[in-house]
Amino acid sequence: MPEQPDAGLVSKVTAVIAKSQRIPAETITLDSTFEELKIDSLDGISIVFELENEFGIGIPDEGVQNLRSVRETVEGISKLLDEKAKAEEASVHAPPAAKDDTA
Amino acid sequence: MNRVAVTGMGLVCALGNNVAQCWPLLAKGESRIRPLADPGAPPYKFRHGAEALAFRPLDYFSEKDLLFLERFAQMAAVAAREAVAQSGISFAGELGNRSGVITGTSVGGQFSEEEGYVRLYRENNPRVAPLTIPRTMSNAGASRISFEFGIHGPCYTVSTACSSSNHSIGQAFWMVRNGQLTAAIAGGSEAVFAEGLLRAWEAMRVVSPEPCKPFSTERRGLSLGEGAGMLVLENWEHAVARGATILGEIIGFGMSSDAHHITQPCVDGPANAMLWALRDAAIEPDAVDYINAHGTGTQTNDITESHAIRAVFGPKAESVPVSSTKSLHGHALGAAGAVEAVATLLALEHGVVPPTANVSTIDPACEIRVVHSEPLAAKLEIALSNTFAFGGLNASLVLRRAERV
């Protein structure tokens with residue numbers, strides 16, 4: 001049994017897809033493929049643009065080309081959010097730069 | 001029907017400011033796709049482009065003239081001057097009424113438009129520059145050429161994204177062939193390195209993070225370029241009668257619409273444009289010695305174009321040399337067809353196929369003979385030059401080497 005993604009995240013991603021594609025959110029499930037939702041690669045670019053805005057993340061081009069379903073999208077966003085959180089934590093705990101560092 | 005001679009050519013792009021500067025680099029396959037002079041702030045996701053850095057407007061125009069001319073129109077006029085000078089044609093008298101100017105551009109004067117928006121929306125200044133309209137209009141280049149040379153016949157601009165210039169050259173070709181015009185200046189120009197436009201291309205996610213690699217297994221998108229290409233097309237008999245040097249001939253033009261998708265290409269549309277161009281030229285695919293491909297370096301274009309070439313050429317697709325000169329001068333969008341028509345005519349004249357650059361391994365799914373890395377010396381008589389545009393608009397030209405007298 002695969003791990004179920006966070007319901008709140010699924011709901012947010014679904015809402016972004018629905019708004020971006022002008023389709024009712026209730027027609028979108030975690031297991032919907034983009035093909036079923038009639039989302040092509042150009043639509044995918046618009047969805048990814050809105051997801052970047054929503055979550056404050058950058059999604060690489062390679063990632064966009066491989067998106068085929070809502071589940072893949074949620075998993076990809078989840079991974080990027082984890083990385084973002086780790087990066088933020090690292091910057092908070094980073095030692096302050098030495099004052100005589102003139103590099 | 002009249003034969004249509006090419007009696008003049010002009011070229012401005014990242015490779016140089018004229019044909020003499022550009023050809024040696026084309027012939028060697030030396031790419032001028034380089035890191036951007038201004039990488040943007042924040043930096044664009046892509047770092048490279050083919051900027052015409054040696055093009056300095058004040059070398060060609062007075063400061064007063066430049067008030068009215070944006071970069072795309074400047075480049076159009078400079079390329080036209082070179083073509084007309086080489087042709088030796090004068091449009092004085094009745095010939096001026098029997099001649100036309102047809103240019104192509106995708107976006108026209110983008111810089112002035114963006115400057116206007118900066119004033120309006122960033123600086124809250126409602127006073128937009130008074131020359132914004134004549135500077136931005138897509139026909140600014142065509143009009144400049146018309147009044148610089150006293151050409152009083154049809155003068156207009158075609159805007160069909162990346163097919164603009166093949167449409168403009170094709171229409172001018174037909175008008176001269178049908179006898180509506182005795183001569184025409186035809187081609188196109190584009191100046192793409194304006195921030196707003198670059199941000200829009202960035203958002204489309206089709207620009208390669210490194211110099212483009214058309215037909216390669218490692219291709220990751222296109223590289224933008226700027227420039228202009230112009231041809232003097234002339235009624236063959238008229239050219240011969242005045243003793244002009246004939247540089248080449250246009251013999252066919254075909255166009256089609258995919259009627260399919262706003263950005264995703266299909267095989268049938270491009271194949272039909274090629275087929276109809278060959279039919280227009282009254283030749284069989286076997287007669288074609290070289291194909292200057294649209295070859296943008298995007299995943300989708302290159303595979304689709306390969307399939308379309310196979311659909312038209314059958315087994316010959318494995319032997320006819322194909323190259324994408326976009327890997328050298330970048331994708332000049334609305335000017336692409338014109339820049340590549342000049343490159344193709346030069347290839348025919350010199351018997352050299354300019355190689356596709358930046359490529360080490362051809363994608364095995366692209367089952368065509370891509371010339372890459374090294375130029376190919378060959379006896380070339382007839383070439384096909386393809387452009388395919390967003391919106392599904394395809395246009396192909398058939399060009400022939402000048403007859404040796």
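The following questions and answers concern a predicted model and the criteria behind its features.

Local features need pLDDT of at least 70, side-chain atom pairs count only at pLDDT 80 or more, and totals for chains, interfaces and linings use all residues. Residues are numbered from 1 along each chain as its sequence is written, chains are lettered from A in the order in which they are written, and side-chain values use heavy atoms, with hydrogens and water left out.

Reader: What makes B:Arg205 and A:Asp61 a salt bridge?

Author: The term requires a side-chain nitrogen of Lys or Arg within 4 Å of a carboxyl oxygen of Asp or Glu. In this pair the closest N and O atoms are 2.9 Å apart. The pair therefore qualifies. Between chain A and chain B the count is two salt bridges.

Reader: How do you know how much area is buried between chain A and chain B?

Author: Buried area is the accessible area (1.4 Å probe) that two parts lose on being put together, summed over both. Here that comes to about 830 Å². Carbon and sulfur atoms give 44% of it. On the chain A side, A:Leu42, A:Ile45 and A:Asp61 supply 54% of the area buried against chain B, more than any other three residues.

Reader: Which residues count as in contact between chain A and chain B, and how many are there?

Author: Contact means heavy atoms within 4.5 Å. By that rule, 11 residues of chain A touch 10 residues of chain B.

Reader: What makes H1(A) and H4(A) a packed pair, and at what angle?

Author: Helices are DSSP runs (H or I, at least four residues), numbered from the N terminus. H1 covers residues 7-21 of chain A and H4 residues 70-93. Their axes are 10 Å apart, at an angle of about 120°. Axes are lines fitted to C-alpha atoms over the stretch in contact, and angles run from 0 to 180 degrees between N-to-C directions. H1(A) contributes A:Leu9, A:Val10, A:Val13 and A:Ile17 to the contact, and H4(A) residues include A:Val70, A:Ile77 and A:Leu81.

Reader: Why is the peptide bond from B:Ala41 to B:Pro42 worth a remark?

Author: Most peptide bonds are trans. This one is cis, with omega near -5°. B:Pro42 lies in the loop between strand S2 (34-35) and strand S3 (48-49) of chain B. Strands are DSSP runs too (E, at least two residues).

Reader: What is the phi of A:Lys38, and where does the residue lie?

Author: Phi is near 60°, a positive value in a residue other than glycine. Most such residues have a negative phi. A:Lys38 lies in the loop between H1 and H2 of chain A.
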